[in-house]
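Here are a few exercises to work through with the structure at your side. Try each task yourself before reading its solution.

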Amino acid sequence: MLEINQLQKSFGDTQVLTSIDLSVKPGELVFVIGPSGSGKSTMLRCCNRLEEPTSGSILLDGEHVTACHGAALDRMRLKIGMVFQGFHLYPHKSVLANVMLAQVKALKRSKEEARARAMEMLEHVGLAHKADAMPSELSGGQQQRVAIARALALDPKVMLFDEPTSALDPELVGSVLKVMKQLRDEGMTMVVVSHEMDFAREAADRVVFMDGGVVVEAGTPEEIFGSPKSERLRAFLSRLH
Ligand code: ADP
Ligand code: MG
């Protein structure tokens, strides 16, 4: 579904991604771990060209993301749902309007259709009753679930999560992880950058450990957490405890 080949990214003279290869099968949840600054966000951002890769290719469902321009790139981006640490909701629009907006503007859906789809997705994340609320009236966990609903309403082929629970108070993390688990169980293809190792053990098909702009080690949660091979991964995991 998503295939990253020999992805390199430099900012000026600084090479941040050296040569990333990663392929994500339909319905797979790939969980990405690694120290701060290892290039996890840059890799995700390259997938929808928020960052322009220096070299390498990225394919989504067989189509070259890296070769798209203009309107084709806009269409491609809609197929890649992104959820960030900050929720980036429009503060002066209602929850419902937030979930409708890109559907109308980018997918050219009618307002009726967009509203119906938005309500369906808000229902899905357990927030239909907050449709008319303003984002500021919601908890961080609820705002993040709205951001997830907004991404899902565009019918993405893959969902990329960049530390979706890192900005949340601990008691709000569970509600967001629950929605992510549910998405996974429904067969959504997902790449999740996170520090929630319990979630990884429970929900990930594969765990990828990045350090210094390379994939150092990848395997099942049992392999990565139970019998890490590289010294770097062992050191990383030991710092978590
Ligand atoms: P992670 O998400 O794993 O913490 P990032 O992808 O955010 O890592 O960053 C990897 C490295 O790239 C860091 O050293 C960071 O300072 C650098 N970096 C990220 N974005 C930029 C940018 N726009 N310009 C220059 N350097 C950047
Ligand atoms: Mg990051």
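**Exercise 1. Decide whether Lys157 is buried, partly exposed or exposed, and find its salt-bridge partner.**

Step 1: Lys157 has a relative accessible area of 30%. Buried means under 20%, exposed over 50%, and partly exposed in between (1.4 Å probe, protein chains only), so Lys157 is partly exposed.

Step 2: A salt bridge needs a side-chain nitrogen of Lys or Arg within 4 Å of a carboxyl oxygen of Asp or Glu. Lys157 meets Asp61 in this way, at 2.6 Å from N to O.

Step 3: Now place the partners. Lys157 sits in the loop between helix 5 (140-152) and strand 7 (158-162), while Asp61 is in the loop between strand 4 (55-60) and strand 5 (63-64). The pair is 96 residues apart and links distant parts of the chain. Helices (H or I, at least four residues) and strands (E, at least two) are DSSP runs, numbered from the N terminus.

Step 4: Asp61 is partly exposed too, at 41%.

A note before you go on: this is a predicted model, where local features need pLDDT of at least 70, side-chain atom pairs count only at pLDDT 80 or more, and totals for chains, interfaces and linings use all residues. Residues are numbered from 1 along each chain as written, chains are lettered from A and ligands numbered from 1 in written order, and side-chain values use heavy atoms, without hydrogens and water.

**Exercise 2. Work out how Arg117 and Glu120 are related in helix 4.**

Step 1: Their side chains meet in a salt bridge of 3.2 Å, N to O.

Step 2: Because the two are three residues apart in helix 4, about one helical turn separates them.

Step 3: Arg117 is buried at 19% relative accessibility, whereas Glu120 is partly exposed at 44%.

Step 4: Widen the view: salt bridges with shared partners join Arg109, Glu113, Arg117, Glu120 and Asp155 into one network. The structure holds 16 salt bridges.
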